[in-house]
Amino acid sequence: MPRRDILNYYARLGFLLPVIILLSPGTGKAQICNGSFGDPVVNITFGKAGNPEGANYVPYGSYMYLTDICPNDGYYTITNYTSNCFGSTWYSISEDHTGGGNFMLVNASYQPGDFFLTTVTDLCPNTTYEFSAWIMNVMNRFNSIMPNLTFHIEQPDGTVLASYETGDISVSPSPVWKQYGIIFTTPLDNATIVLRITNNAPGGNGNDLALDDIAFRPCGAKITADIQNSATDTIDVCEGNMNTYNFSGNASSQYQSPVYHWQLSTDQGITWNDIPGATETTYVRSPTAAAGKYWYRLTVVDASVAGVTSCRIASNILIINVHPLPVADAGPDRVYIKGYPVTLTAVASGEDISFNWDPALYMDDAALIQPTVAPPKDVTYILSVLSAFKCGNKDSVNVRVVEGIYVPTAFTPNDDGKNDCWRIPFLDIGLGADVRVFNRWGQLVYHVSSAVVSWNGKLNGQPQATGTYVYLISFKDHKLPDLKGTFTLIR
């Protein structure tokens with residue numbers, strides 16, 4: 001079959017024809033895919049701290065590997081930091097490009113040459129890809145030799161598919177990662193390619209660099225997705241919202257035999273999963289019970305390679321943020337003994353919240369989440385909490401007003417369900433009362449502090465005898481006078 005007929009055949013199947021777009025040297029990476037991207041098919045990150053990867057990416061006989069974070073000329077290392085190297089002529093780098101991982105640190109040899117080489121086998125045939133990598137000039141002196149690299153995209157037989165020269169990568173006032181990239185198209189018959197990175201400058205006084213996050217992403221014709229009746233790609237709702245949302249996608253006519261699939265990510269795009277049955281250009285998103293960030297997108301692939309994930313192209317992302325309701329906890333019910341105001345122990349939290357009390361009366365400061373109150377009669381305070389996303393929650397606290405503390409003079413712990421425990425009903429825990437009970441011989445038989453008083457008439461599980469008992473109540477804050485008296489245990 002003539003080459004033109006082959007190209008027309010693949011075009012009818014929806015494959016993209018070869019396109020090469022290069023960046024201007026030394027400018028860093030601009031948007032070089034005019035359509036839509038797929039996920040990175042290859043993503044070389046050099047591993048994480050304590051688990052380096054990358055020794056197999058260096059051509060045999062070129063650079064030597066060291067574990068030292070300050071490798072000498074002609075050596076390299078895989079590390080997550082470097083510090084105070086060569087009299088601090090290098091920047092101290094505290095993390096890789098994305099944070100939390102490693103990068104490749106290269107001290108250039110005296111002779112220019114290749115320092116990175118790998119074969120990539122997971123690409124889709126006759127498909128346009130973006131290759132990209134992040135580079136840093138680690139030197140901090142402006143009179144040093146500058147790194148100057150060439151990226152080569154080759155077939156296994158050495159045929160060059162695309163190449164790109166960075167030009168001199170200049171010294172920056174502070175450590176800066178710069179992204180460089182190139183667009184290329186895989187061959188019709190074999191998607192295996194070779195990536196070769198060449199250092200064009202000599203080592204010595206400079207030409208020392210860091211390399212990180214090498215990626216290959218498919219680039220296809222434009223795919224768009226939107227939310228019906230929404231002017232934006234993002235909708236914020238509150239937990240419990242029962243609205244449904246209609247998504248729709250639109251793929252370029254260049255996809256002649258498209259296979260669609262909507263995907264969902266619940267970790268903000270780190271991983272994507274196909275939504276079962278969502279294989280049309282439209283999708284109805286049902287309400288979600290749990291709060292979270294729900295990301296959606298439409299993927300498209302030609303039917304002839306539908307089973308090859310590296311061929312998929314994805315739309316823009318549609319986001320439904322389900323925000324949790326704020327916490328509104330007005331605290332336990334309280335007792336206000338006239339003349340001794342009580343402080344409410346409310347708690348409110350959430351996403352940039354505001355709150356208010358209703359009624360905002362008889363409070364020392366209604367703008368406080370824990371105001372001190374002294375109402376003239378029983379009252380129920382309602383705490384309303386509102387988040388920045390208009391998600392609301394409420395709770396209430398009852399404040400009972402009494403003239404003083406009433407201490408019962410008798411109780412009958414006979415398990416008949418009536419008056420079985422000795423309790424002090426109006427002793428608010430906020431008073432910090434320390435309550436002790438003694439028998440006729442002065443033995444301590446019951447003790448609680450800053451807690452609800454409820455004695456069942458037992459000591460160490462044993463019922464105590466009928467008789468008179470002495471109580472002593474003291475207050476930690478000394479606002480109330482101590483109370484002392486007797487009561488009778490009746491069996």
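This is a predicted model: local features need pLDDT of at least 70, side-chain atom pairs count only at pLDDT 80 or more; totals for chains, interfaces and linings use all residues.
I started with the lining of the second largest cavity, which splits into three nonpolar, three polar and one charged residue. Residues are numbered from 1 along each chain as its sequence is written, and side-chain values use heavy atoms, with hydrogens and water left out.

**Cavity**

I listed the lining of the second largest cavity: V237, N241, N243, Y245, R285, T288 and V322. A cavity here is a set of points on a 1 Å grid over the protein atoms alone where a 1.4 Å probe fits but cannot get out, and lining residues have an atom within 4 Å of a point. I get about 30 Å³ for this one, the volume being the space filled by probe spheres set on the points, which are joined across faces, edges and corners. Two cavities of 30 Å³ or more are counted.

Next I looked up an open four-stranded sheet, order 25-31-30-28, with mixed pairing. Strand 25 (334-337) and strand 28 (354-358) are at the edges with a single partner strand each, so one side of each has no neighbour in the sheet. The twist averages 25° from one strand to the next. Strands are DSSP runs (E, at least two residues), numbered from the N terminus, and two of them pair if DSSP finds at least two bridges between them. Strand 28 pairs antiparallel with strand 30 (residues 379-386) over five bridges. I also noted D358 opposite I382 in strand 30.

**Disulfides**

I count three disulfides, taking cysteine sulfur pairs within 2.5 Å.

C70 is joined to C85, S to S 1.9 Å. The S-S torsion of C70 and C85 is about -75°, so this disulfide is left-handed. C85 is buried at 1% relative accessibility (buried is under 20% relative accessible area, exposed over 50%, partly exposed in between; 1.4 Å probe, protein chains only).

C124 is joined to C311, S to S 1.8 Å, and with 100° about the S-S bond the link is right-handed. C124 sits in the loop between strand 8 (113-120) and strand 9 (128-137) and C311 in the loop between strand 21 (292-302) and strand 22 (313-314), so the pair ties together parts 187 residues apart in sequence.

C238 and C391 have their sulfur atoms 2.1 Å apart. I place C238 in strand 16 (residues 234-238) and C391 in the loop between strand 30 and strand 31 (392-402), 153 residues apart.

Key:
On a 1 Å grid over the protein atoms alone, a cavity is a set of points where a 1.4 Å probe fits but cannot get out, and a pocket is an open set with protein on both sides within 12 Å along at least five of seven lines; lining residues have an atom within 4 Å of a point. Ala, Val, Leu, Ile, Met, Phe, Trp, Tyr, Cys and Pro count as nonpolar, Asp, Glu, Lys and Arg as charged, and the others, Gly among them, as polar. Axes are lines fitted to C-alpha atoms, for helices over the stretch in contact, and angles run from 0 to 180 degrees between N-to-C directions.
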